[in-house]
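Here is a short briefing to read alongside the model. Have a look at the sequence and the fold before going through the points below.

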Amino acid sequence: MAAIYSDLAGAVVIVTGGAGGIGEAITRAFVAQGARVGFLDIDAARGAKLETELGEAALFVPCDLTDIPALKAAVQIVRDRFGPIGILINNAAHDERHATLEVTEAYWDGRMAVNLKHQFFAAQAVLPDMQAAGKGAIVNLGSTSWVIGQGGMAAYTASKSAVLGLTRSLARDFGQHGVRVNAIAPGWIMTERQLELWVTPETEKEIYERQCLKRRLVPDDIARVVVFMASDEAGAITNQHYIVDGGWN
């Protein structure tokens with residue numbers, strides 16, 4: 001049974017990319033805490049299905065997060081429904097593999113938009129609420145891919161490494177207002193997407209060789225840490241980069 005953090009009951013949370021994979025696990029985890037959760041995702045069908053399942057505590061807003069005006073409008077929809085935003089989880093990303101010599105300028109810009117740019121503008125949209133409240137928590141999802149020097153996805157690893165710089169700047173600038181900002185770097189998490197596209201018997205063998213823990217890491221492993229970081233139990237933790245990878249690093 002997951003820990004329950006009483007301060008999260010009634011909290012207003014936004015989760016980007018919250019309809020599937022790690023994001024879905026995070027959305028479910030906050031609803032289980034008694035929070036009111038607005039989750040944004042480009043997958044309208046999956047988002048609507050999850051909203052129906054979770055009931056009135058969840059609000060799905062279909063959104064292409066690379067469209068910044070649409071992102072800001074989505075944040076306002078959540079605010080209008082639930083009230084000022086107290087917690088932001090910047091989860092959405094796309095780990096598409098790519099060959100360096102084939103990357104175009106447009107492709108590069110697209111990777112930055114889907115993996116990094118929206119994190120800044122989502123934070124910008126909710127920080128006034130947090131300033132007014134004198135508290136708040138932002139958790140940005142990074143990746144261990146750049147930490148381990150993974151190849152075959154230079155634009156992705158560049159954007160994900162930048163999440164740490166963004167996190168530390170926001171933590172420094174808004175700590176005076178009681179806002180905590182942290183980054184979580186997942187390792188190889190066995191989402192449906194990973195299992196369908198990238199995980200083979202050979203890669204899974206390598207994962208277990210590199211991890212200290214000899215088991216699959218699943219979305220709930222990340223969701224539990226995210227919820228803790230957003231709760232008052234982590235009230236003295238900010239400006240940090242927390243790796244959840246089963247001991248690979």
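Setting aside neighbours within four places in sequence, Gln-240 is in contact with Thr-167, Val-181, Asn-182 and Ala-183. Please keep in mind that this is a predicted model.

**Around Gln-240**
- Gln-240 sits in the loop that links helix H8 (219–230) to strand S7 (241–244).
- With a relative accessible area of 40%, Gln-240 is partly exposed, because that value lies between the 20% and 50% limits.
- Arg-168 is 72 residues from Gln-240 in sequence, yet their C-alpha atoms are 7.4 Å apart in space.

**Helices H4 and H5**
- Helix H4 (residues 105–133) and helix H5 (residues 154–174) have axes that come within 9 Å and cross at roughly 15 degrees.
- The two helices, H4 and H5, are therefore roughly parallel, since angles under 35 degrees count as such.
- H4 and H5 make a right-handed crossing.
- On the H4 side, the contact residues include Trp-108, Met-112, Leu-116, Phe-120 and Leu-127.
- On the H5 side, Tyr-156, Val-163, Leu-166, Leu-170 and Phe-174 are among them.
- Sorted by class, this contact of H4 with H5 has 14 nonpolar, 4 polar and 2 charged residues.

**Cysteines**
- How many disulfides does the model have? The count comes to 0 disulfides, where a pair of cysteine sulfur atoms would need to lie within 2.5 Å.
- Cys-63 has a relative accessible area of 6%, so Cys-63 is buried.
- Cys-212 is exposed, because its relative accessibility is 58% and the limit is over 50%.

Definitions and conventions
Residues numbered from 1 in each chain as written. Predicted model: local features only at pLDDT ≥ 70, side-chain atom pairs only at ≥ 80, totals over all residues. Heavy atoms only, no water. Buried < 20%, exposed > 50% of the residue type's maximum accessible area, 1.4 Å probe, protein only. Axes fitted to C-alpha atoms, helices over the stretch in contact; angles between N-to-C directions. Helix = DSSP H or I, 4+ residues; strand = E, 2+ residues; numbered from the N terminus. Parallel < 35°, antiparallel > 145°, perpendicular 65-115°, else oblique. Left-handed = near helix turned anticlockwise from the far one by under 90°. Contact = heavy atoms within 4.5 Å. Nonpolar A, V, L, I, M, F, W, Y, C, P; charged D, E, K, R; others polar.
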